[in-house]
Amino acid sequence: MPQSEITTLEQFIVDQQALHAQADGSLSRVFRAIELAAKIVNRDVRKAGLIDILGQDGSVNTHGEDQQKLDVLANNIFISALSRTGEVSMIISEENEGVVYVEGCDHEKYIVAIDPLDGSSNIDVNVSIGSIFSIYKRQNAEQSPNLQECLQTGNEQVAAGYVFYGSSTMLVYTTGQGVNGFTLDDALQEFCLSHPNIQTPSNGKIFSVNEGNYNDFSEGVKSYIDYCKSNEAGPYKARYIGSMIADFHLNLLKGGVFVDPGTTGSPSGKLRLMYECNPMAFLAEQAGGKATYGEGSIMELQPKELHQRCPLFIGSANMVDLAMHYISEEDTAIINR
Ligand code: P6P
C-alpha cells in the first residue's frame with residue numbers, strides 16, 4: 001500500500017474526533033490506551049512460546065476458571081493503560097470479581113468493560129485469541145463511582161471493539177458510525193486501516209456452534225442445527241474455532257451465524273453479557289447484522305450483575321432471523337427471571 005494511502009489508527013482517531021465539534025479528546029485518549037495495550041499484548045502473545053508466560057499461573061479467576069499466565073498479563077496491561085488515561089473511572093474485567101475503581105479518577109467520563117484475553121484455553125496450542133472492549137459513558141460523573149453505574153444496557157455503549165491476534169493482528173471497532181478494521185504493520189508498529197466500513201453479508205453459508213453440546217441444547221436449537229446440516233440449507237459449512245473473536249470475525253466478513261446458546265447445564269449460556277456479548281452485538285448491528293439472546297436484541301438486556309451470562313445468536317441478519325424461527329420462546333434461557 002503506497003505511503004500516501006496509509007491511514008493509521010492514530011490518524012483515523014484524529015479524523016473521527018474532528019467530526020464531533022463537542023469532542024474534547026477524552027475518548028481519543030481511551031482509544032490510544034487500548035491501542036498501546038493491544039500492541040503490548042500482541043508482542044507478548046507472539047513470543048509466548050519463547051518466554052515463561054504459557055500455561056496456567058496457578059490461580060483461578062472469579063468464575064473458578066484456571067487463569068492462564070497470559071490472561072493475567074493481558075489484564076494487567078489493559079488495566080494499567082486505561083488507568084493512566086485519566087479519563088476512566090471504572091473498569092470491569094472478566095479477570096476481576098468486582099469493579100476496578102481507578103485511583104484518583106472518581107469523576108471521569110468513562111467506564112470500560114474488557115475481556116483482556118478471550119479464548120485463553122487456546123493460548124498454549126497457538127490458536128487465535130483476542131481482547132474485547134466495551135466503553136460506556138458515566139451518567140453522572142459528579143457522583144462517587146459505583147457498581148450500579150456499570151450495569152447499563154448494551155444500547156448505551158459509546159464504542160466497542162476487539163483485538164484479534166490471528167494470522168495477522170487486527171483491531172476492529174465501532175463508535176456507532178460503522179465498523180472499521182485496522183491491521184498491525186509489524187515493521188511500523190502501526191495499526192493501518194485495512195477493512196474500512198465493514199458490512200456483514202445478509203446471508204452466508206457458515207454456522208459456528210459447539211456441537212459437542214448438542215444433546216444439552218433445547219429442541220429448538222437442535223432443530224436449527226439440524227437445518228444447518230440439511231440439504232435445504234445447502235448444507236452450511238461448520239466452522240468452530242473455540243475462540244469467539246475468531247469465529248465472530250470469520251462470520252462477520254464472510255457471512256454466517258455464531259451460536260452459543262443455553263444448555264440444560266447452563267441455561268444462560270457461557271458467554272458474558274457485559275464484555276463479550278454486548279460489544280460483539282454492537283459491532284454486528286453496526287455492520288448490518290443482528291445479535292439476539294433468543295427473543296430480543298442482546299443490547300436491550302438490563303444487566304443485573306457484572307459477570308452475567310447470556311445465550312448468543314449473532315451474525316448475518318437473515319440467518320439470525322431464520323434461527324429465531326426455530327428457537328421458540330421456551331427454548332431460550334429466561335434471562336430476566
Ligand atoms: P466451548 C473461550 O474460552 C470462550 O470464552 C469463547 O471465546 C469461546 O467461544 C467459548 O469460550 C468456547 O467455549 O465450551 O465451546 O469450548
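What follows is a quick tour, from the whole chain down to single residues.

This is a predicted model, in which local features need pLDDT of at least 70 and side-chain atom pairs count only at pLDDT 80 or more, while totals for chains, interfaces and linings use all residues. Residues are numbered from 1 along each chain as its sequence is written, and side-chain values use heavy atoms, with hydrogens and water left out.

**The whole chain**

- The protein chain holds eight helices and 15 strands; helices (H or I, at least four residues) and strands (E, at least two) are DSSP runs, numbered from the N terminus.
- Its radius of gyration is 19 Å, which agrees with the value near 20 Å that a compact globule of 337 residues would have. That radius is taken over C-alpha atoms, and the globule rule is 2.2 Å times the number of residues to the power 0.38.
- Laid along its principal axes, the C-alpha trace of the protein chain spans about 55 × 50 × 45 Å.
- Of the 337 residues, 55% count as buried, where buried means under 20% relative accessible area, exposed means over 50%, and partly exposed is in between (1.4 Å probe, protein chains only).
- Take contacts (heavy atoms within 4.5 Å) between residues at least 6 apart in sequence: 64% of them join residues at least 24 apart.

**Surface and charge**

- The protein chain exposes about 14300 Å², and carbon and sulfur atoms supply 47% of that. Accessible areas come from the Shrake-Rupley method with a 1.4 Å probe; for residues, only the protein chains shown count as cover.
- There are 23 positive and 43 negative side chains, and the centres of the two sets lie 3 Å apart. Lys and Arg count as positive, Asp and Glu as negative, and His and the chain ends are not counted; the place of a charge is taken as NZ of Lys, CZ of Arg, CG of Asp or CD of Glu.

**The eight-stranded sheet**

- Eight strands make an open sheet in the order β4-β3-β5-β6-β7-β8-β9-β10, and the pairing is mixed. Two strands pair if DSSP finds at least two bridges between them.
- β4 and β10 (190–195) sit at the edges with a single partner strand each, so one side of each has no neighbour in the sheet.
- β3 (residues 88–93) has six of its six residues buried, so the strand is largely enclosed by the rest of the structure.
- On one side, β3 forms a hairpin with β4, with six residues between them. β3 and β4 (residues 100–101) pair in the antiparallel sense over two bridges, and Met90 has Tyr101 of β4 as its bridge partner.
- β3 also runs parallel to β5 (residues 110–118), with five bridges joining the two. Here Ile92 stands opposite Ala113, and Ser93 stands opposite Ile114.
- β5 is mostly covered too, with nine of its nine residues buried.
- Seven bridges link β5 to β6 (residues 129–137), and these two strands run antiparallel. Ile114 turns up again here, with Phe133 in β6 as its bridge partner.

**The five-stranded sheet**

- Another open sheet has five strands in the order β12-β11-β13-β15-β14, again with mixed pairing.
- Its edges are β12 and β14 (290–292), each with a single partner strand, so one side of each is left without a neighbour in the sheet.
- β13 (residues 257–260) and β15 (residues 312–315) run antiparallel and are joined by four bridges. Asp260 has Leu312 in β15 as its bridge partner.

**Backbone spots to look up**

- The peptide bond from Gly234 to Pro235 is cis, with omega near 0°. Pro235 lies in the loop between α5 (219–228) and β12 (237–238).
- Gln189 has phi near 55°, a positive value in a residue other than glycine. You'll find Gln189 in the loop between β9 (179–185) and β10, where Gln189 is partly exposed at a relative accessible area of 32%.
- Asn197 is not a glycine either, yet its phi is positive at about 45°. Asn197 belongs to the loop between β10 and β11 (206–208), and counts as partly exposed at 48% relative accessibility.
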